[in-house]
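Morning, everyone. Please have the sequence and the model open while I talk.

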Amino acid sequence: MKTYDYTIEPDVIEKNPTLSEINDVVAAPMEAPPSNGWKVALGISFTMLIIGALSLGYSLYYGLGAWGNNQPVGWAFPIVNFVFWVGIGHAGTLISAILFLFRQKWRTGIARFAEAMTIFAVMTAGIFPLIHTGRPWLAGYLFPLPNQHGLWVNFNSPLLWDVFAVSTYFTVSLVFWYVGLIPDFAMLRDRTKKKINKFFYSLFSLGWRHSNRHWNHYEMLYLVLAGFATPLVLSVHTIVSFDFAVSILPGWHATIFPPYFVAGAVFSGFAMVQNVLIVLRKLFKMEHIITIDTLEKMNKVLLATGMMVGYAYGMEFFIAWYSGNPLESFVFINRAFGNYAWAYWIMVTCNVVFPQLFWVRKLRRNLVVMFIVGVFVNIGMWFERFVITVTSLSRDFLPSSWDYYKPTLFDFGILIGSFGLFFTLVILFIKFAPVVSISEVKGVLKSSQPHHH
Amino acid sequence: MEIDNKKLYGVGALFTSPNKVSDAAAKIAEKGYQDWDVHSSYPIHGMPKKMKLKWSPLGYFALIFGLTGTSIGLFLTYWTMSVDYPMIIGGKPSFSLPAFIPVLFELTVLLAAVGTALTMLFVLFKLPNNRHPLHDTDYMKEVSVDKSGIVVEAKDKLFNREEIIEIFKQLGADKILDINLDSDEVNYQPKILEPKFLIFLVIVAFGISFLGYFVNNKLLFMTPFNFMVDQQRLDAQSKSEFFRDGFGMRLPVEGTVARGQVYYQYKGKPELAEANLINPLVPSEKVLALGKKKYNTFCSPCHDYHGTGNGRLNGQFPNPPSLHSEKVRNWKDGHIYHIIVEGQNIMPSYALQLTEDERWSIIHYIRALQRSMNAKEEDLK
C-alpha cells in the first residue's frame with residue numbers, strides 16, 4: 001500500500017499563476033457574454049422559483065389549510081426547511097471565519113463563494129418563519145417595536161431569540177462578505193472598459209485605492225469580524241436547536257441538541273458548498289484555484305462532522321434508555337421502527353453510512369464520488385430535520401390525537417421554490433461578482449510575499 | 001517650477017518584486033516623510049512595520065461598540081420585561097437574566113461587527129471617495145493588477161521631486177512616474193454639504209419616514225383576505241338545510257346530561273316528586289325578581305301575568321286552568337316543579353328553557369302571586 005506524507009503542505013494554488021492571471025481568471029465570467037449553460041441553469045432555477053411563488057401565493061390566499069400541517073403535527077415543512085437552509089449557511093461562516101482564525105490558507109479559494117452561499121441560504125431560510133403564520137406582513141410584531149397595544153415581544157422565548165440570532169447572523173455575514181468584496185470591486189473598476197460597469201464598480205468599491213495604510217486597518221477589521229462571526233455562527237444553530245430543546249416534547253427536550261445541530265449544520269453546509277464548487281470550478285476553469293486538495297480537505301470535514309452527527313444519533317438512543325424515561329424510549333424506538341422508520345433509515349444511511357467512503361483517499365479525491373455523497377448528505381440532513389420534527393409531534397402525549405403527517409403538493413411546491421430562490425441567487429452572483437476573493441488568493445501566492453533572508 | 005508643483009499630486013514608483021517594495025518602504029519611512037503610501041492589490045506581509053504604522057485601533061472600537069450593544073440589550077430586556085410591561089413567564093422573575101443572554105449576545109455581536117466595519121470605512125478611510133487624485137491614473141491601473149507602488153505626495157514638507165526620483169532609482173524601482181492632478185481636481189473643493197449628498201439625505205429621510213409610517217400604521221393592521229372571517233352560521237329558530245330534521249337548534253343527544261344539569265329521577269312519577277322534592281331556594285328579593293322575569297317570559301303567554309289562565313294567547317290555545325285554585329294552592333312545590341319539567345296535558349316540558357334554579361325561582365313567584373289573590377288578614381298588617 002502506498003503511503004502519503006501529509007506533513008508537507010501542498011500549494012494552495014496550483015500551477016503557480018502570476019498575479020495578473022488571477023485577475024483574468026476571476027474577471028472572465030463577468031466579462032464574457034452569458035453562456036448558454038448559464039442561461040439554461042438560470043431558466044431552470046427561475047422556473048423552480050416561480051413554482052414556489054405560485055404555491056406560496058395560493059397558500060396565503062387560501063389559508064394554511066393548503067398545507068399538510070394539522071393536529072398534532074403543527075410544525076412541519078416550514079420549520080424543517082428553515083432549519084435545513086440555516087444549516088446550509090453555516091459552512092460559509094465556518095470557512096470564512098473559523099478557518100481564518102486557524103490560519104488555514106486553503107480556505108482562500110473557496111471563502112468568497114461560501115460566504116455568498118451563507119447569505120443566500122439565510123435569505124432562503126428567512127422566508128419560512130415569515131410565511132409559516134400565513135400572514136407574513138405581520139412579521140413586524142417579531143421585533144420590539146413600540147406599538148399601539150403597548151405590548152413588547154417575549155424575551156424569554158426561543159422563537160424570539162431566533163429572530164435576533166438569524167437577523168444578526170444575516171447582517172454580520174453580509175458585512176463580512178461586503179468588506180471582502182470592496183478590494184475586488186476596486187480591481188474590477190480599474191480594469192473594466194464599459195462605462196456602466198465602471199459606475200457600479202466605483203459605487204460598490206467606495207473608492208478603495210489599494211493603500212497599505214488602509215490594508216493595515218483592513219486586516220485588523222477582518223480579524224475582528226472573524227472573531228465575532230465564530231461565536232456567532234455557533235450561537236445561531238444553538239438557538240435554532242433551542243426552538244426544539246426548550247420545549248418538553250420527548251425527542252426534543254435534550255441537552256445534546258445545540259452541539260448536535262451545529263455539527264449537522266456544518267455537515268450539510270459543506271456538502272452544499274462542495275457540490276456547487278465542483279460544478280463551478282469546471283465551468284469557469286478554476287481547477288488550479290479551487291484545487292482537488294481543497295476539495296479533499298472539505299471531504300475530510302464532511303467525514304468528521306458526519307461521524308459527529310452519527311455519534312449524536314447513537315447518544316440519543318443511549319440516553320433514551322439510560323434515563324429510564326418510558327416516554328423517551330418510546331419516542332426513539334418509534335423513530336427507528338415506527339411509522340416514519342423509512343425517513344429515519346434514509347437519514348442514517350445518507351448521513352452516517354455514505355460519508356464513510358471518504359476514509360479511502362482515492363474516493364475522497366474522486367469528483368463523481370464526492371459529488372454523489374454530497375447530494376446524499378444534503379438529502380439525509382433534510383430528512384434529519386424532518387424526522388426530529390415530525391416523529392416527535394405525530395406521537396405526542398395523547399394517543400387519541402396521534403396521526404400520520406402527510407405533506408401536500410403546496411408543501412413540495414414551496415420546498416422546490418426555496419431551492420429555486422437559492423440557486424437563482426447563486427447563479428446571478430457568479431455572473432455579477434467575483435466568485436473568488438482576488439486579494440486573498442493573491443496574498444497566498446508564493447511569488448507575492450517578501451521572502452526574507 | 002512653482003506652477004508645476006501645484007498640479008503635481010506626487011511621484012510614484014512601481015515595483016514588481018515584493019522584496020524590493022518592502023525594503024523601499026522601510027527606506028522612505030526612515031527618511032521621515034509623512035504624506036506617502038504604499039499601494040498593492042493585496043496586503044503585503046510585514047508592511048505596516050516597515051512603514052512604521054501604528055497598531056490599528058479598530059480592536060478598541062470593537063470593544064466599545066460591543067459593550068454598547070450589551071448595554072442596549074440589557075436596558076431593552078430589563079425595561080420592557082420588568083418595568084414597562086412586567087411579565088412573569090414560567091414562574092421566573094420578570095427580570096430573568098439567563099433567558100436574556102441570547103439576545104444580549106446577538107446585540108453585542110451585531111453592534112460590534114457593524115459598528116467597527118462602518119467606523120473603518122467611513123471614519124478612518126473617509127470613504128466613499130471616488131475623486132481621489134490616484135483614481136484613473138496609470139499608476140493605479142498597474143497597482144491593481146500585479147505591481148506594488150510607492151507614492152510620495154507633493155504636499156509633504158520634505159518633498160523634492162528630483163530627490164525622490166533619485167531615491168526611487170536607487171531602490172530599484174521598475175518605473176518612476178509623476179502623478180498629476182486633472183484640471184477639475186485642481187479646482188475641486190471637497191465639502192460635506194454637496195447637493196448630491198443633500199439630495200441623498202432627503203431621499204433617505206423621506207424613505208425611512210414613509211416606511212416607518214407604513215409599517216406601524218398600515219402593514220401591521222392589514223387584513224387583505226378576510227373572507228375567512230365570514231363563517232356560515234344559522235340564527236336561532238331558523239331552518240337548517242344541513243340537518244335532516246330541518247331544525248337549526250339541536251337537542252341534546254339521547255341519554256346524555258349536559259354540563260351543569262342534573263338527571264331528573266322522577267320521570268312520570270308526580271307523587272314521588274311531590275313527596276321528595278323540596279325547594280332549595282329561600283324567597284329573597286333576588287330570587288323573586290328572577291322568578292318574575294322567567295315567569296313573564298315563559299309562563300305568562302298562556303297563564304297570564306297574574307296566573308289567571310287568561311293569557312295573551314287566548315283564542316289560539318285553550319286557556320289553562322287558573323293557578324289560584326284550591327288544588328294548585330295546596331300542591332307542594334315538588335308537584336309544580338314536576339309539571340315544569342315534564343309538562344302536563346297540552347303544556348310541553350320547559351326543562352330545556354329553564355335551569356334548575358330558574359324553575360325553583362318561578363315556583364316562589366307563583367306562590368307570591370297566589371298569596372296576592374288570597375291574602376290573609378295578617379298580610380295587611
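I will cover a pocket, one asparagine and a pair of helices.

Keep in mind that this is a predicted model.

The largest pocket holds about 1,800 Å³ of space. Its lining counts 36 residues, and the closest to the pocket's centre are Pro128(B), Asn129(B), Asn130(B), Arg131(B) and Glu194(B). Which helices supply at least two residues each to this lining? From chain A, they are helix 5 (158–191) and helix 6 (195–205). From chain B, they are helix 8 (183–187) and helix 9 (195–218). Helix 6 of chain A gives the largest share, five residues. Now sort the lining by class: 17 residues are nonpolar, six are polar and 13 are charged.

Next, the asparagine. Find Asn81(A) in helix 3 of chain A, residues 77–101. Buried or exposed? Its relative accessible area is 1%. The cut-off for buried is under 20%, so Asn81(A) is buried. Leaving out residues up to four places away in sequence, Asn81(A) touches Phe128(A), Trp382(A) and Leu415(A).

Stay on helix 3 of chain A. It packs against helix 8 of chain A, residues 257–283. The angle is about 75°, and the axes are 7 Å apart. Who makes the contact? On helix 3 of chain A, look for Trp85(A), His90(A) and Leu94(A), among others. On helix 8 of chain A, the residues include Phe261(A), Phe270(A) and Met272(A). By class, this contact has twelve nonpolar residues, four polar and no charged ones.

Terms used:
Residues numbered from 1 in each chain as written. Chains lettered and ligands numbered in written order. Predicted model: local features only at pLDDT ≥ 70, side-chain atom pairs only at ≥ 80, totals over all residues. Heavy atoms only, no water. 1 Å grid on protein atoms, 1.4 Å probe; cavity = no way out; pocket = protein on both sides within 12 Å on 5 of 7 lines; lining within 4 Å. Points joined across faces, edges and corners; volume = space filled by probe spheres on them. Helix = DSSP H or I, 4+ residues; strand = E, 2+ residues; numbered from the N terminus. Nonpolar A, V, L, I, M, F, W, Y, C, P; charged D, E, K, R; others polar. Buried < 20%, exposed > 50% of the residue type's maximum accessible area, 1.4 Å probe, protein only. Contact = heavy atoms within 4.5 Å. Axes fitted to C-alpha atoms, helices over the stretch in contact; angles between N-to-C directions.
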